[in-house]
Amino acid sequence: MVFVTGDVHGDLERFKTPNAKKLRKGDTLLVCGDFGFLWNGGKEEQKALKKLESKKYDICFVDGTHENFHMLNHYEVSEWNGGKVHRIAGNIYHLMRGQVYNIEGLRVFTMGGGESPDIDIRMNDDTWFPEENPNQQELLAGADNLGKLGNEVDIIITHEPSAKVKEFLQMKLPDKVRTTLLNTYFEELSNAVDYQKWYFGSLHMDKHVSGTQVAVFQDILEVQSGKPIAAVR
């Protein structure tokens, strides 16, 4: 089965929850950005990756904004389930931008990246990478790969939401984060592409915005039903 969760920020606790422990051999867990286990390459980080590598299921993440893109892009590009990936370990994959994968019969479109809401602070302490924003080539590749499928997929996995969804979810928030060109790009995709579910993680909330748009953070959801794992096991 295929499941999805939100940003983990290099924290193993998400993988220790009762629901996470219910994932079985052959399952796939999709992470909507800010994976965070590739940041400084230190001993503790390497130990954490070893623990993730011991899991019986595949862990597949799109990049968010809080990633070390120099480390991430150091990995060799290979192909997995029909799309390009960085294979981090035996069962850990970085799903690259603008790709479509066939995962357990589901066509999954991915587009990581976004703009750090704390970009001014992060640039000052050297924790910001210009690669956090998708470039034109990646955006065009995404549109091209979708076009090859007649603009029809089953699942969309991103870090950022579309512009209208982001504006709607921030209406009551005191500190709003501006919408970006990437949000606008996603707005165009939402109008042009037929899909069943779109999951995103950047807003750090668990909320079904509509029948198709889902903000995910700490929940672990089964992607076809959108139900928490406890309800589908």
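Which residues touch the most other members of the largest nonpolar core? In this predicted model, where local features need pLDDT of at least 70, side-chain atom pairs count only at pLDDT 80 or more, and totals for chains, interfaces and linings use all residues, they are Phe-15, Phe-35, Phe-37, Leu-52, Ile-59, Phe-61 and Ile-92. Residues are numbered from 1 along each chain as its sequence is written, and side-chain values use heavy atoms, with hydrogens and water left out.

**Overall make-up**

- The protein has seven helices and 13 strands; these are DSSP runs numbered from the N terminus, helices being H or I of at least four residues and strands being E of at least two.
- Of the 233 residues in the protein, 51% are buried, where buried means under 20% relative accessible area, exposed over 50% and partly exposed in between, with a 1.4 Å probe and protein chains only.
- Among contacts (heavy atoms within 4.5 Å) with a separation of 6 or more, 66% join residues 24 or more positions apart.

**Nonpolar cores**

- A nonpolar core is a set of buried Ala, Val, Leu, Ile, Met, Phe, Trp, Tyr and Cys residues joined through side-chain atoms within 4.5 Å.
- In soluble globular proteins, nonpolar side chains tend to be buried together.
- The largest core here holds 24 residues.
- At least two residues of this core come from each of strand S2 (28–32), helix H1 (43–53), strand S3 (58–62), helix H2 (69–72) and strand S5 (83–89), and H1 gives the most, with three residues.
- A second, separate core has 22 residues, including Val-2, Cys-60, Val-85 and Tyr-101.
- Beyond its neighbours within four places in sequence, Ile-92 is in contact with Phe-35, Leu-49, Leu-52, Glu-53, Ile-59, Phe-61, His-86 and Arg-87.

**The seven-strand sheet**

- Seven strands form an open sheet in the order S4-S5-S6-S3-S2-S1-S13, and the pairing is mixed; two strands pair if DSSP finds at least two bridges between them.
- S4 and strand S13 (221–222) are at the edges with a single partner strand each, so one side of each has no neighbour in the sheet.
- Strand S1 (residues 2–5) runs parallel to S2, joined by four bridges, and Thr-5 stands opposite Val-31 in S2.
- H1 packs on this sheet and touches S3, S5 and S6, with its direction at about 100° to that of S6.
- Strand S4 (residues 77–80) is antiparallel to S5 over four bridges, with Val-77 having His-86 as its bridge partner in S5.
- The hairpin of S4 and S5 has two residues between the strands, and Asn-81 takes a positive phi near 50° there.
- S5 also pairs with strand S6 (residues 92–95), in the antiparallel sense over four bridges; Ala-89 stands opposite Ile-92 in S6, and two residues lie between the strands of this hairpin.
- Five of the seven residues of S5 are buried, leaving the strand mostly covered.

**The six-strand sheet**

- The order of the six strands in this open sheet is S7-S8-S9-S10-S12-S11, with mixed pairing.
- Strand S7 (99–103) and strand S11 (207–208) are the edge strands, each pairing on one side only.
- Two residues separate S7 and S8 in their hairpin, and Glu-104 in the turn has a positive phi of about 55°.
- S8 pairs with strand S9 (residues 155–158) in the parallel sense over four bridges; Met-111 has Thr-158 of S9 as its bridge partner.
- S8 is largely enclosed by the rest of the structure, because five of its six residues are buried.

**Helix packing**

- Helix H4 (residues 136–148) lies across S7 and strand S8 (106–111), at about 165° to S8; axes are lines fitted to C-alpha atoms, for helices over the stretch in contact, and angles run from 0 to 180 degrees between N-to-C directions.
- H4 and helix H6 (residues 181–192) pack at about 10°, with axes 12 Å apart.
- The two helices H4 and H6 are therefore roughly parallel; angles under 35 degrees count as roughly parallel, over 145 as roughly antiparallel, 65 to 115 as roughly perpendicular and the rest as oblique.
- Leu-139, Gly-142, Ala-143 and Leu-146 of H4 meet Leu-182, Tyr-185 and Leu-189 of H6 in this contact.
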